Amino acid sequence: MTETVSIIGAGIGGLTTALTLKQKGLNVNIFESSAEIKPVGAGIILANNAMQVFQKLGIQDKIEKAGNKISFMKITDDQLQPLSVVNLSEYEQKYRVSNIAIHRGELQKILANEIGFDNINLSKQLSKIKKNTLYKLTFEDNSMIESKIVIGADGIKSVVRNQLFEKSTLRNANQICWRGICEIDLPEKYHNELNESWGKGKRFGFVKISDKKVYWYALANSKNVETSDINLTEFFSEFHSTILSIISATKKEQIIVSDIFDLKPINKWQGENVCLIGDAAHATTPNLGQGACQAIEDAYVLGKLLDSGLEIQNTFAVYENLRRKKAHTIVNTSWSVGKMAHIENSLGVWLRNFAMKNIPKSANKKQTDMIFNLN
Ligand SMILES: Cc1cc2nc3c(=O)[nH]c(=O)nc-3n(C[C@H](O)[C@H](O)[C@H](O)COP(=O)(O)OP(=O)(O)OC[C@H]3O[C@@H](n4cnc5c(N)ncnc54)[C@H](O)[C@@H]3O)c2cc1C
């Protein structure tokens, strides 16, 4: 009999895992707390490593069509003068995939359509999980199921992690984040690049995600922001005029605000017939743009282990071993980058910008090689 795997959470991690397992011939049953596969009103950058996985899953073309190709990633000063540039063409040629910026809703739609909505149970918020012979899962609506194999893809505040694993710690980065999407005619030179502009204790990133749409994000040290409902044009007034035009073109009520947290690295992501993937296992700050990409790599590794002939429940310990080092390196590097990006005093900013301009190309390349190389 084919095994059925219960996956908690239909975020990018849960959906990619479900599609992977389904393609390997397993039955999947996803339980998602939201009433719909909710398109968060923001974009996402799928770096080369994630796109390599989607290529293997056969959905590269659909994602490329729905998104926009990115060939350069630039850190700049507040006037959009480059401090550091990563040219992605070498990786495009090596792996035959590009970095793609896309609306999150579009990505989720592609994944959900591939999996089939029959396998996705909405309005099913897991409230309790207990191990007897099988796992007993109880949902907020008091319904209950039993399942032999469970994958917790339920995000940074994972119920599966909190109830089955040792106590873990969420770390507050003390940064507030605004995200938005607007329609604007960006100058052509920005069409195929991500720009992240660093100022004093704040930064602003933007990238084109389709013909008409631009996704942007902005972060600031929380202590300098009394309320999240501030006038962002004023707050970023010293930044380049393109950035101010992007903010002005965004409907205020559509801006998403969140505080930035990560999960202090934990070593145990799996137990008997259960495992954690994505943010549930290794949530990171967004500074390397790798959180979802790492969730997608988790799914890839599970799939690869199934290909090697292991039964799904026997892949979990090997998966944890294979994935831990890279995922934790990303969490820790991203945490440090976030601190550096938010230096506030003028001398510190000058020194940082000077150092950024003088980072040897080989150091940037080493980090990018590590990130884009699949486990
Ligand atoms: C500002 C910002 C920008 C980012 N930019 C990027 C980027 O450019 N590239 C990138 O790769 N990553 C980026 N990330 C990180 C990325 O968003 C996350 O790492 C990714 O969404 C994690 O996916 P996930 O499926 O593991 O978890 P989630 O996206 O959190 O999904 C978890 C799912 O589980 C559901 N759920 C939760 N609890 C329960 C429950 N009890 N029962 C049932 N369902 C439940 C939720 O509703 C949700 O659908 C960014 C993050 C932030 C904050």
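## The model

What you have here is a predicted model, where local features need pLDDT of at least 70, side-chain atom pairs count only at pLDDT 80 or more, and totals for chains, interfaces and linings use all residues. Residues are numbered from 1 along each chain as its sequence is written.

## The chain overall

The chain has 13 helices and 19 strands (DSSP runs numbered from the N terminus: H or I of at least four residues for helices, E of at least two for strands). Its radius of gyration, taken over C-alpha atoms, is 21 Å, close to the 21 Å that the globule rule (2.2 Å times the number of residues to the power 0.38) gives for 375 residues, so the chain is as compact as a globular protein of that length.

## Around the ligand

The ligand has 33 residues around it, the closest being Gly9, Gly11, Gly155, Gly278 and Gly291 (near means a C-beta atom, placed from the backbone, within 6 Å). Two or more residues each come from α1 (12-23), β3 (43-46), β13 (170-183), α9 (279-282) and α10 (291-307). Of these, α10 gives the most, with four residues.

## Helix α5

Helix α5 runs over residues 104-115. Among its buried residues are Arg104, Glu106 and Leu107 (buried means 20 or more other C-beta atoms, placed from the backbone, within 10 Å of the residue's own). The buried residues of α5 pack against α1, β3, α3 (60-66), β7 (99-103) and β8 (120-121), with contact meaning C-beta atoms, placed from the backbone, within 7 Å. Glycine 116 follows α5, and its phi is positive, near 100 degrees.

Note on methods
Expected span 1.5 Å × (residues − 1). Buried ≥ 20, exposed ≤ 12 C-beta atoms within 10 Å, placed from the backbone. Contact = placed C-beta atoms within 7 Å.
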